[in-house]
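Here are my notes for you, point by point. Please keep the viewer open as you read.

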Amino acid sequence: MQDSHTPAPADEAADCDRLRLVPATRLGLAERLGGRLDGHLARFAEHMREGLLAASVAVGLEVMAELMDAEVTDLAGPKGKHNPARTAKRHGSQDGTVTLGGRRVSVRRPRVRSVGDDEHELPVASYDGFVSADLLADGVVARMLGGLSTRGYRVGLEPVGRGVEQAAMGTSHSAVSRRFVTATAERLDQLLHRPLGGQRWLVVFLDGFGMGEHLLVGALGVTTDGTKVPLGVVEGTTENKSVCLRLVTGLRDRGLDPEHGVLFVIDGGKALAAAVRAVVGAKALVQRCRRHKERNVLDHLPEAERPLVQRRLRAAWATPDAEQAQHELETLARGLARQRPGAAASLREGLAETLTVNRLDVGGRLLQTLESTNPVESMIEIVRDHAGRVKRWSSGEMALRWAAAGMLAAEAQFRRVKGYQELPALAAALQRAAAEPDPTDLAVTA
């Protein structure tokens with residue numbers, strides 16, 4: 001076999017189909033690592049007794065070290081061989097850490113510096129790719145939202161081998177707690193500063209919910225293709241006008257454009273309706289949640305009278321003609337006023353706003369979506385499920401952080417709203433309403 005540095009004979013050089021050895025200096029990174037296959041397989045077999053993942057991790061750490069060494073060789077040339085034309089030089093190594101299976105693992109990272117008057121540290125891209133702390137933060141948040149406590153965090157980690165686990169860092173109760181606080185603060189900031197401009201928002205759902213002893217108000221938007229997007233959250237109640245103003249003002253300032261009309265579906269809070277009109281103006285249409293209204297009315301009635309009133313409420317709301325539906329509701333309110341004045345007053349409050357979808361001619365499956373705040377309540381249930389193991393909330397800020405992290409996690413589980421095929425018709429109706437001198441004429445006051 002001829003040496004790899006010996007030129008091929010002329011007759012062989014002329015025959016491009018014949019095999020010949022290639023100088024090692026011409027091998028790429030993948031070929032150089034491929035030459036270590038036997039060693040990696042032996043290392044893999046040695047750790048198989050600890051499981052497939054542990055064996056893979058052991059080999060992976062070796063490959064990572066070889067990747068870094070190969071990159072240094074590409075930058076500074078082969079070790080021990082002087083090259084006067086080189087532009088970089090080796091500069092020893094230092095301690096570093098990488099993320100592995102939800103933990104930090106110590107590694108030695110090589111250092112490289114430039115050559116010349118402007119000597120400075122050069123990045124080792126392979127190490128920078130492995131060192132991302134965001135991967136660890138994402139893992140911590142995912143496990144905490146999945147129900148693990150900070151003290152039980154280690155139990156949920158993947159088995160990566162006894163040697164790696166003994167040398168791992170960042171899995172103590174305090175370290176996980178600090179990382180979770182930091183990560184959730186980042187997610188709250190991400191949610192509250194998510195830009196909303198450049199997107200056509202057809203519907204915004206607003207509803208209040210509790211996290212422990214803290215009350216919050218959340219917002220969920222719907223785009224023209226039916227995609228649901230968490231928009232924001234504030235601490236407070238839907239009965240507090242300043243809180244509601246802060247939430248809606250934040251949506252407007254971040255780019256939510258009402259120019260072509262927006263339908264706000266809200267719970268029964270008067271302050272929310274007032275805040276929407278104060279911030280967005282006449283181009284905002286308000287639909288009161290019918291399920292909230294129904295519960296509020298029925299709560300004023302004895303059990304025996306509730307089924308009949310419930311049927312009459314739902315029959316009126318199901319009437320396509322908005323004027324006829326309003327007449328039926330007003331007739332019901334007059335009948336209740338004689339003996340159940342509390343129920344009558346509850347029905348009359350915001351009565352016309354329960355019929356906005358009728359005036360927009362919304363029907364079919366989309367009507368089932370827009371007649372209540374169920375879509376945002378579904379998001380809230382996911383948030384509560386994630387926070388189900390929390391026994392004590394240290395502050396309203398922590399409740400906000402959990403809510404923001406849960407809302408962003410819920411976004412990955414969302415499907416498009418029911419009846420999304422009918423959204424183009426809704427967009428056209430909102431456009432027409434926004435073009436009128438006073439779109440609020442759609443909702444004639446009771």
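1. The buried residues of α13 are Ala 322, Ala 325, Gln 326, Leu 329, Leu 332, Ala 333 and Leu 336; buried stands for under 20% relative accessible area, exposed for over 50%, and partly exposed for what lies in between (1.4 Å probe, protein chains only). Viewed down the axis of α13, these buried residues fall within an arc of 125°, so they line one face of the helix. The arc is taken over the directions from the helix axis to the C-beta atoms. As a reminder, an α-helix has 3.6 residues a turn, so residues three or four places apart point the same way.

2. A word on the ground rules: this is a predicted model, in which local features need pLDDT of at least 70 and side-chain atom pairs count only at pLDDT 80 or more, while totals for chains, interfaces and linings use all residues. Residues are numbered from 1 along each chain as its sequence is written, and side-chain values use heavy atoms, with hydrogens and water left out.

3. Back to α13, which covers residues 322–339. Its 18 residues reach 27 Å from the first C-alpha to the last, close to the 26 Å expected at 1.5 Å a residue; the expected span is 1.5 Å times one less than the number of residues. Helices (H or I, at least four residues) and strands (E, at least two) are DSSP runs, numbered from the N terminus. The buried residues of α13 pack against α12 (306–317), α14 (341–348) and α15 (356–359), where contact means heavy atoms within 4.5 Å.

4. What caps the N-terminal end of α13? Asp 321 does, with a side-chain oxygen 3.2 Å from the backbone nitrogen of Glu 323. Glu 323 also forms a salt bridge with Arg 359, the closest N and O atoms being 3.4 Å apart; a salt bridge is a side-chain nitrogen of Lys or Arg within 4 Å of a carboxyl oxygen of Asp or Glu. This pair links distant parts of the chain, with Glu 323 in helix α13 and Arg 359 in helix α15, 36 residues apart. Glu 323 is partly exposed at 48% relative accessibility, whereas Arg 359 is buried at 15%.

5. Do look at Arg 288, which is found in strand β8. The side chains of Arg 288 and Glu 353 meet in a salt bridge of 2.6 Å, N to O. The pair links distant parts of the chain, 65 residues apart, with Glu 353 in the loop between α14 and α15. Are the two partners buried or exposed? Arg 288 is buried, at 5% relative accessibility, and Glu 353 is buried too, at 10%.

6. A search of the whole structure finds 19 salt bridges. Lys 89, Arg 111, Arg 113, Glu 119 and Glu 121 are linked in a network of them. Within that group, the side chains of Arg 113 and Glu 119 meet at 3.0 Å, N to O. Arg 113 is buried, with a relative accessible area of 17%, while Glu 119 counts as partly exposed at 34%.

7. Now to the nonpolar cores, each a set of buried Ala, Val, Leu, Ile, Met, Phe, Trp, Tyr and Cys residues joined through side-chain atoms within 4.5 Å. Of the 43 residues in the largest one, Met 211, Val 233, Leu 370 and Leu 426 touch the most other members. Which helix gives the largest share of this core? That is α18, with nine residues. Leaving aside neighbours within four places in sequence, Leu 426 is in contact with Val 203, Leu 360, Val 362, Leu 366 and Leu 370. A second, separate core of 27 residues includes Val 217, Val 248, Leu 272 and Val 280.

8. Finally, the overall picture. The protein has 19 helices and eight strands, and 44% of its 446 residues count as buried. Among contacts between residues at least 6 apart in sequence, 62% join residues at least 24 apart.

Methods. A polar contact is a pair of N or O atoms within 3.5 Å; within protein, one must be able to donate a hydrogen and the other to accept it, and residues adjacent in sequence count only if both atoms are side-chain atoms.
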